[in-house]
Amino acid sequence: MKRDEHGQSQGKASRSTSRILEAIPDKKRRVFLQAALAGGVAAPVALAWFGYSGAETPASGASAKGGASAKNRAGVIIRDFADPYLELLRLLREAAEIEHGLMLQYLYCAFSIKARYQSLIGFGAPESTNMLGVAVQEMQHLGAVNRLLVALGGCPHMDRQDFPYEPDIYPFPFTLEPISRHSLAKYVYTEGPAAIFTAKGQRSREDELFSGQVLKDIGGLDRPNHVGSLYRNILALLAECSGRPGFPLAPAQVEQWRSDLLIIMEEGEHDHFEFFRQVYEGRHPAFAKSGVANVWDLDPGHEAYPGHALPENPTAFVGHPNQITSEDAHGLAWLSDLHYWIALCCLDFSYRHADETMLGLAVSQMLTALMPLATELPKLGAGVPFDVLSMGYAPGSDKEQSRRIILALAGEAREFAKTIEAKLPAAYDRDSTNAIFDLLGT
């Protein structure tokens with residue numbers, strides 16, 4: 001998407017002047033920006049205080065294909081709206097899409113791991129020591145972002161971008177793929193602090209070698225961004241909006257949200273990054289009994305190689321490219337899509353109407369229905385497709401209509417499950433949709 005950066009007047013928050021850069025060494029940048037944001041200083045001013053000259057920001061007349069695009073790949077997020085409230089809502093929606101996309105990619109990766117590495121797969125507890133745990137934490141991040149959107153007067157946002165239209169924001173193109181050295185390189189890059197991957201960062205010899213290998217492994221990508229840069233923009237905008245007439249949040253609420261967002265950043269840039277780096281370098285405890293120095297040096301066909309050979313970006317939609325063709329796998333994949341869609345509709349309902357019961361229903365769908373199907377599909381050479389529901393996840397015109405449509409989806413899943421009863425895994429809860437009918441009505 002081309003961006004016109006000409007004709008912006010000075011003194012306004014424009015796409016040519018209001019940017020976040022990732023070239024400051026991470027520890028110093030984090031401490032400085034946190035202190036600046038706490039004092040209500042706008043990010044461009046804070047960066048100016050830090051010693052940036054105009055030559056280090058994209059040139060005023062840079063074309064989208066040239067200078068601006070090059071800066072995007074270096075970790076720049078370009079501001080669209082002069083109104084900080086509008087820009088905050090925009091970036092929170094982008095954050096929701098990114099957290100959703102990361103969650104699904106991590107889940108697909110987790111279920112592609114062979115059973116012999118169960119401790120790497122995990123069991124679903126929100127922790128940063130296994131793949132499922134990290135995916136669950138991404139779901140928690142998705143929830144936090146949506147609750148903030150609602151608190152600001154916006155709507156929850158459960159969609160995701162399969163093919164990103166904002167290359168300066170999205171970490172990398174959405175791809176469902178099995179665990180491998182390449183997929184892990186993408187995850188470790190997008191979660192990591194920028195200083196480790198930028199030429200200006202102060203790195204140890206070990207980090208230098210690590211960084212070089214990661215950048216080599218993601219060489220086919222157009223230099224993906226880091227998630228942390230997006231949240232730094234959101235923090236800056238939250239500080240910029242705080243105290244303005246009509247802003248929906250009181251100062252104490254702003255401070256609480258600021259604290260919550262900093263925790264999300266820390267989980268990503270430290271906990272998730274360290275986990276993915278450990279797995280990428282073959283140092284995770286799950287690999288201790290593999291019998292080799294580094295599991296990623298094995299041929300993918302070797303029995304000790306961590307991942308199953310699953311297809312990339314599968315779909316359960318009939319006639320679409322990458323359609324799952326195995327009859328047995330296709331039935332389970334379509335049922336998994338139905339439970340995925342029910343869970344997202346319940347989540348949207350929960351965030352939109354502050355309904356904790358619906359949140360519980362969403363979690364139940366994922367744990368008792370979706371997870372058993374996701375565990376079974378790799379045995380059939382397939383994975384959960386996580387297809388997009390074209391009518392969205394708040395399909396009703398009001399609360400009552402949304403309730404009816406969720407019930408209709410639950411009925412669809414219940415009836416379809418009966419048609420493939422003999423193929424369902426033993427762990428699949430055949431009564432998983434009953435709670436929805438019990439709570440929402442018949």
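Modeller: Thr-433 lies in the loop between α13 and α14, where helices are DSSP runs of H or I with at least four residues, numbered from the N terminus. The model is a predicted one, in which local features need pLDDT of at least 70 and side-chain atom pairs count only at pLDDT 80 or more, while totals for chains, interfaces and linings use all residues. Residues are numbered from 1 along each chain as its sequence is written, and side-chain values use heavy atoms, with hydrogens and water left out.

With a relative accessible area of 2%, Thr-433 is buried; that word means under 20% relative accessible area, against over 50% for exposed and in between for partly exposed, with a 1.4 Å probe and protein chains only. Leaving aside neighbours within four places in sequence, Thr-433 is in contact (heavy atoms within 4.5 Å) with His-339, Gln-365, Ala-410, Ala-413 and Arg-414.

Gln-365 leads us into helix α12. This residue counts as buried because its relative accessibility is 1%, and, again leaving aside neighbours within four places in sequence, its contacts include His-339, Ile-342, Ala-343, Leu-370, Ser-432 and Ile-436, as well as Thr-433.

Helix α12 itself runs over residues 356-376, and its 21 residues, at 1.5 Å a residue, should span 30 Å, which agrees with the 30 Å between its end C-alpha atoms; the expected span is 1.5 Å times one less than the number of residues. At the start of α12, a side-chain oxygen of Asp-355 comes to within 3.0 Å of the backbone nitrogen of Thr-357. Further along, the helix bends by about 40 degrees at Leu-370, with a proline, Pro-372, following within four residues; the bend is the angle between axes fitted to the seven residues ending at a position and the seven starting there.

Besides Gln-365, the buried residues of α12 include Met-358, Leu-361, Ala-362, Met-366, Ala-369 and Leu-373. An α-helix has 3.6 residues a turn, so residues three or four places apart point the same way. The buried residues of α12 pack against α4 (84-111), α6 (131-151), α11 (327-353), α13 (399-419) and α14 (434-440), and α13 and α14 are the two helices between which the loop of Thr-433 lies.

Definitions and conventions. A polar contact is a pair of N or O atoms within 3.5 Å; within protein, one must be able to donate a hydrogen and the other to accept it, and residues adjacent in sequence count only if both atoms are side-chain atoms.
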